Amino acid sequence: MAYYEAICFWLSLVIYALSAGGYIYALVFRNEKVVPKLLVLIGTGLLVHTGAVAARYFAQGHFPWSTDYENGLMGGWFIIASTLFVAWRQKSLRVFAVATVPTTMLIMGYGVMRNPTLAPMAATLKSFWLAIHVFFAWLSFGAYALAMAAGVIYLLKERAAKQRGQAPAEPVPERFADLPPERLDDLMFKYLVFGFITNAIMIAAGSIWAKDLWGAYWSWDPVETWSLISWLMYGAAIHLRVTMGWRGTRFSWLMIGALLTVIINFFGVSILMKSSVHVFKMS
């Protein structure tokens, strides 16, 4: 890890930790006035985070899109950027950060414990199709993280509503009230569909790259297999929603659980399976 990269990385992690703690405080103690300030704090963290990405780029001479550490670095960047984007579009979606920021901290923390050392770009990574493959992979990851966040907020809102029913004098947090259950349910499905489509493009671009690199579009490599499992999992979620009418609580838990397949694909396969032809552990 380069010197300035390390400074920016750890500083962004500290900022994210402070903002995550602030969001938990705002929800537990019903102090919604701090939420706009926390959003500014997260934006500052993203700027510092971008500095870490830039520092690694200049130190290595190529974009960070390989190894578990770089997966965590860029995956976290896309999740935070997606969170800020939806919060900018609609103020009531600021509460999504209560789920997305801790998720970012976990994957960045895992990545830095793995292999943050600098390395030159391998010849196999110098491909236009790989750039498309990675870009759409992170787009889908960001969308799936937002679907998970909407599910978490739905469950928290449902719990708060039940508490209000038991204790009428206890108010539901204002930001929760800004997001009716129907809106959260609709957002989960929209983020799911966007992630599913970008995930499909990611798999297609990766297959073209694999054909040039290994001579076959598909080889049932562990990373390829888990990528397909993850995609099919979200496809099944769409089917359950459209055909079986899954909504609300069940669908929220499904979005939370489905994200685990993506995390396993990006990070878990490199630990559990050592025989992957994906030298750089990319899906």
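**Helix packing and aromatic pairs in the predicted model**

In this predicted model, residues Asp185, Asp186, Phe189, Leu192, Val193, Phe196, Asn199, Ala200, Met202, Ile203, Ala210 and Trp214 of helix α7 are in contact with Glu224, Ser227, Ser230, Trp231, Tyr234, Gly235, Ala237, Ile238, Arg241 and Val242 of helix α8. Contact means heavy atoms within 4.5 Å, and helices are DSSP runs (H or I, at least four residues) numbered from the N terminus. The residues of this contact comprise 14 nonpolar, 4 polar and 4 charged; Ala, Val, Leu, Ile, Met, Phe, Trp, Tyr, Cys and Pro count as nonpolar, Asp, Glu, Lys and Arg as charged, and the others, Gly among them, as polar.

Residues are numbered from 1 along each chain as its sequence is written, and side-chain values use heavy atoms, with hydrogens and water left out. Local features need pLDDT of at least 70 and side-chain atom pairs count only at pLDDT 80 or more, whereas totals for chains, interfaces and linings use all residues.

Helix α7 spans residues 181-214 and helix α8 residues 222-242; their axes come within 10 Å and cross at roughly 150 degrees. Axes are lines fitted to C-alpha atoms, for helices over the stretch in contact, and angles run from 0 to 180 degrees between N-to-C directions. The two helices α7 and α8 are therefore roughly antiparallel, a term for angles over 145 degrees. The crossing of α7 past α8 is left-handed, meaning that the near helix is turned anticlockwise from the far one by less than a right angle.

Rings of Phe, Tyr and Trp (its six-membered ring) pair if their centres lie within 6.5 Å, with planes under 30 degrees apart counted as stacked, over 60 as edge-to-face and the rest as tilted. Because Tyr144 lies in helix α5 (residues 128-166) and Tyr234 in α8, the pair ties together parts that are 90 residues apart in sequence.

The structure holds 12 aromatic pairs. One of them, Phe9 with Trp10, is edge-to-face, at 5.3 Å centre to centre and 90 degrees between the planes. Phe9 is buried at 1% relative accessible area, while Trp10 is partly exposed at 45%. Ring pairs also link Trp77, Phe78, Phe135 and Phe136 into a cluster.

Definitions and conventions. Angles under 35 degrees count as roughly parallel, over 145 as roughly antiparallel, 65 to 115 as roughly perpendicular and the rest as oblique. Buried means under 20% relative accessible area, exposed over 50%, partly exposed in between (1.4 Å probe, protein chains only).
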